[in-house]
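Thanks for making the time this morning. I would like to walk through one model with you, slowly, and then take your comments.

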Amino acid sequence: MRRHQAIKDSFLENRIFLSRTVILFVLILVLISGLITRLIYLQVAGHSRYHGMATNNRIKVTSVPPTRGIIYDKQGRILAENLPSYSLEIIPEQVTDMGDTLQRLQLALAIPEEKIEAFKKHRKRYKHFDSIPLLMQLSNTDVAKFAVLRHTFPGVDIHARLIRHYPYAELTAHVVGYVGRINEQELKILPEAEYRSIHSIGKIGVERAYEDILRGHAGYSEIEINAQGKPINELGKIEPTPGADIYLTVDVDLQKVAYDALAEYNGSVVALDLETGGVLVQVSKASFDPNLFVSGISHADYKTLNSSKNKPLFDRVLRGQYPPGSTLKPFIGLAGLEHEITHMHETLFCPGYYQLPNNPHKYRDWKKWGHGKVNLDIAITQSCDVYFYDMSLALGIDKLSGFLHKFGFGQKTGIDLKGEKAGLLPSREWKRINREQAWFPGETLITGIGQGFTQVTPMQLARATATLANQGQVVTPYIAERIIDGNREIAVKHPPAKNIELKPSNVQDIIGAMVHVVHSARGTAKRIAKDIDFKIAGKTGTAQVYTIKQDEEYNEEEISFIMRDHALFIAFAPADDPKIAVAVIAEHGSHGGSIAAPIAAAVIKQYLAQ
């Protein structure tokens, strides 16, 4: 059999080998180039990012909360402080099964369901690596219980924290305010870096108004951790900056005198330093315990406060708006003198009612049988309504409203607290815009005795009283007297005083009549003149809660308590060298002379005795 031999083509084989070698070399070159490029990126372009990621696997940066500033009263007594407390906190990223963990914690420590729900809402507002409080102000028993079970709850631990405390509770609740947990709306507008480790914020009062100053600035701590996330060592720390301390103008002893003097009545008491405008007393009653809000108020407690007929959460001093009643009469009388509508000795006969020309409606005086022949001094001393009906009509609403505006009625006082209302000073223009109606003469009459549309806040009434006592010098009320930041004092700036141009003799005539209110035999506040060796200038007021029909009579004994008139009183003392101005409103107190005036007298006596 014949064999066939294959003929080799060496040239072709060499070409194939060479081409494969070139392809392999190019491929190796591409791979090496890619590797070099990647190495360059990792070592140069991406160095910061990947170095940070590697570091974060070993080092954890945590925010360190600052210590909140202390709030003191005028005499240096603590009104808001920080007390050590234990809180149960969870770091979500270290918890495998959050639902199971919460359920077991709830059983172990008898945690209320509302606290669990609050934590779930609170958790959404923070990063997964933040330590989030579940339960605050733990008892020693709870701390001991958890210590035994600590190893079964990864990511859960007890932390020592400083918690806000208000030693005077109800006495200073509205003026000092309170801190509470940050809500979703607040979280959206707060600087994240400052509030990363802070879970509470000032809600009302000084706590809210001076939040930026009291809060301080957060610090940072670098912690070395192991693979399980447990801290091993602290590598470095930037200390937080504590918040500044604030000294208020309020005197807590004087505050207590006013609060106690209100007794069973809800209402408000405001006292101002006439020289500076500093608020000496700012009482709103009914009140509440602000400590309930610090670590999260329970639903039951909040419902009790919010549904109470006494409205303890309502700040009557800055937000309560009341008819001023006869406390407006000294200002109306001064307007008559300044506009030369009348003089102190011009008389008018009061038969117990007033009628407009060609109008059968009778605008009644509080004294059914009338005051007889009266002048401005007697009209203020005995609070004659008929005299002021007549004067108001002569002035007209335009002059009347314009003059009262100078004393700050219908305007915010500008106090360094938030949430203040402006009250209401009616005018022809106001009614046209808001009611789309013309102004009627009868409305001028009732405006002249502090009724009708007119509304004032207690703070507003106190400032107007201070302006009268200062003979036209308008001071702006303020609450923060000194701010101490470490070893330095921060200057507290307040608006400069301004002056209303008034004729001194007219002011003295009105002040003289106000002295007669307290110190004359027929003055409506004569009962407080006993046992004092100085003169008080004052004016009583009674503000109607509801309107009495023309053919009806007001009978205090036959109506319910909540329908009785409010009792008001304004005063300053000593009359010849005023130091303090006071405004009192006792809700449903009925009589300014017997209910509100003694409250003001108690505050004035205590202050001048000091």
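Predicted model: local features only at pLDDT ≥ 70, side-chain atom pairs only at ≥ 80, totals over all residues.

Residues are numbered from 1 along each chain as its sequence is written, and side-chain values use heavy atoms, with hydrogens and water left out.

The protein chain contains 22 helices and 23 strands, where helices (H or I, at least four residues) and strands (E, at least two) are DSSP runs numbered from the N terminus. Its radius of gyration, taken over C-alpha atoms, is 37 Å, well over the 25 Å that the globule rule (2.2 Å times the number of residues to the power 0.38) gives for 610 residues, so the chain is more spread out than a compact globule. Along the principal axes, the C-alpha trace spans about 160 × 60 × 50 Å.

Now to the sheet, which is open and has 5 strands in the order β12-β11-β23-β22-β21, with antiparallel pairing; two strands count as paired if DSSP finds at least two bridges between them. Its edge strands, each pairing on one side only, are β12 (279–285) and β21 (537–543). Within this sheet, β11 (residues 267–273) and β23 (residues 580–586) are joined by 7 bridges, and V269 has V584 as its bridge partner in β23.

What about the outer surface? L24, L27, I28, L31, I32, I36, I40 and V44 make a nonpolar surface patch of about 760 Å². Patches take residues with over 30% relative accessible area (Shrake-Rupley method, 1.4 Å probe, only the protein chains shown counting as cover) and no salt bridge (a Lys or Arg side-chain nitrogen within 4 Å of a carboxyl oxygen of Asp or Glu), and nonpolar side chains (Val, Leu, Ile, Met, Phe, Trp, Tyr) are joined within 5 Å, like charges within 9 Å. L24 itself lies in helix α1 (residues 10–45).

Finally, the backbone. Most residues other than glycine have a negative phi, and most peptide bonds are trans. Here, K285 and A286 are joined by a cis peptide bond with omega of about 15 degrees, and A286 sits in the loop between β12 and α12 (291–294). The bond from A573 to P574 is also cis, with omega near -15 degrees, and P574 belongs to the loop between β22 (566–573) and β23.
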